[in-house]
Amino acid sequence: WDALQRASADCSALDRATMLLPVIEGANPRAYDLSRHGFLRSGADVLRWFAALMLRKETPPDGVPIHRYIAMTTRCGPKLEDALRRVLVLSADQGMHPSTYVVRAAANTGSTPYRCVIAGLSATTGKRLPAVRASAFARFLAEIDSASDPTDPVRTRVRESEDVPGFGYSPFEVPDPRAAALWGSLRSLLASEGNFSRFERAIELASDLTGKHPDFAFLAAYVNGRIGAEPDANLVRLGRIAGWVAHAWEQQGELPLVRWKVNYNGILP
C-alpha cells in the first residue's frame, strides 16, 4: 500500500481512486459477496474510500457520516458542513445519465460495486459530458477569488464574447431544481461570510448579463473549492456514487441478464 501511495502521489485524486479501488477490493474478502446485504455493504465501503482518496487520506471514515468526516478533515465549520451535505444529497441521483448507464452495464455482467463505480468514474471523464467542465469552473472561481473586484472576470468574458462558465445548463426539460435549492441554501447559510459575498456579486452580475441561472455543478464547485477538494474528485462525484450503487443493485439484483439482440442490416457481401 505504501508503495502504491508513493507511485500515485503525483496523480489527480480521481486517477488515484481509479487506480487504488481495485487494490482495495482485492484486500477485502467481503467485496465479492454479491448478496443484497453484501453488495450494499461494499457500496458503502466504496463511498467511504472515495471520500478518503478525494481528500488524499490513507484510511476511510469509520462510524461517522460522510459529510461529518469531510467537515472534520477539512475543518470547514458547521455552515459549510451543512452546504456540502446538501450537495451530496442533491447529486446522489440524476436518472439515466450516461455515466449511470455505464454503471448499469457493468452491474449487468455481475461486477462488484467497486468495478461498477470505477466504470462510472471513467465515464464521467468523457469529453461529451458536462462533467468535464469541472476544471473550467475551478479556474473561473479562482479568478473571482483573486480579483480585486470579483465581478471583473465576468465583465472580461462578456466584453470579449467568451462564454461565462457555469450558467444556463440543465439536464432536465425545466430549470434545474437542484441548482435553485442549493443556491437558496447557500445564500441563507453563508450570508454573513465575506468570501461568499464576493461570489454572490459575481453570480448576480453573470445572471444579469447572460439572462441565465447558475448551474448546480457550478455552485457545487464553489462548495468543493471552499473545502479544498480537487476539481475532478469532487463532492458531486462522491454523492453520485450513492446513486450508482443503488442503480447497480437494481440492475444486478432485481433484473435479468440483458443480452441485446442485433441484426445486421447493411449491404451484404
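**A chat about helices and buried side chains**

Modeller: Happy to! Glu25 is part of helix α2, and keep in mind that this is a predicted model.

Colleague: Is Glu25 buried or exposed?

Modeller: Glu25 is buried, because its relative accessible area is 1%, and the cut-off for buried is under 20%.

Colleague: Which side chain does the side chain of Glu25 make a polar contact with?

Modeller: That partner is the side chain of Thr112, at 2.4 Å.

Colleague: And what else does Glu25 touch, not counting residues up to four places away in sequence?

Modeller: Besides Thr112, Glu25 touches Ala31, Tyr32, Tyr114 and Arg115.

Colleague: Back to helix α2, then. How do α2 and α3 cross?

Modeller: Helix α2 covers residues 13-26 and helix α3 covers residues 36-54; their axes come within 10 Å and cross at roughly 140°. The two helices are therefore oblique to each other. The crossing of α2 and α3 is right-handed.

Colleague: Which residues make that contact?

Modeller: From α2 there are Ala13, Leu14, Arg16, Ala17, Leu20, Leu21 and Ile24, and from α3 there are Val46, Trp49, Phe50, Leu53 and Met54.

Colleague: How many of the residues in the contact of α2 with α3 are nonpolar?

Modeller: 11 are nonpolar, one is charged and no polar residue takes part.

Colleague: Nice. What about α9 and α11, at what angle do they pack?

Modeller: Helix α9 (residues 152-159) and helix α11 (residues 194-210) pack at about 20°, and their axes are 9 Å apart. An angle under 35 degrees counts as roughly parallel, so that is the word for α9 and α11. Their crossing is right-handed.

Colleague: Which residues are in contact there?

Modeller: Helix α9 brings Val154, Arg155 and Val158, while α11 brings Ala202, Leu205, Ala206 and Leu209. By class, the contact of α9 with α11 has six nonpolar residues, one charged and no polar ones.

Colleague: New topic: where is Arg104 found?

Modeller: Arg104 sits in helix α6, which spans residues 98-108. Arg104 is buried, because its relative accessible area is 9%, with the cut-off being under 20%.

Colleague: What does the side chain of Arg104 make a polar contact with?

Modeller: With the side chain of His247, at 3.0 Å. Leaving aside neighbours within four places in sequence, Arg104 is also in contact with Met96, Glu250, Gln251 and Leu255.

Colleague: Thanks, that helps me a lot!

How values were computed: Residues numbered from 1 in each chain as written. Predicted model: local features only at pLDDT ≥ 70, side-chain atom pairs only at ≥ 80, totals over all residues. Heavy atoms only, no water. Axes fitted to C-alpha atoms, helices over the stretch in contact; angles between N-to-C directions. Helix = DSSP H or I, 4+ residues; strand = E, 2+ residues; numbered from the N terminus. Parallel < 35°, antiparallel > 145°, perpendicular 65-115°, else oblique. Left-handed = near helix turned anticlockwise from the far one by under 90°. Contact = heavy atoms within 4.5 Å. Nonpolar A, V, L, I, M, F, W, Y, C, P; charged D, E, K, R; others polar. Buried < 20%, exposed > 50% of the residue type's maximum accessible area, 1.4 Å probe, protein only. Polar contact = N/O pair within 3.5 Å; in protein donor to acceptor, adjacent residues only side chain to side chain.
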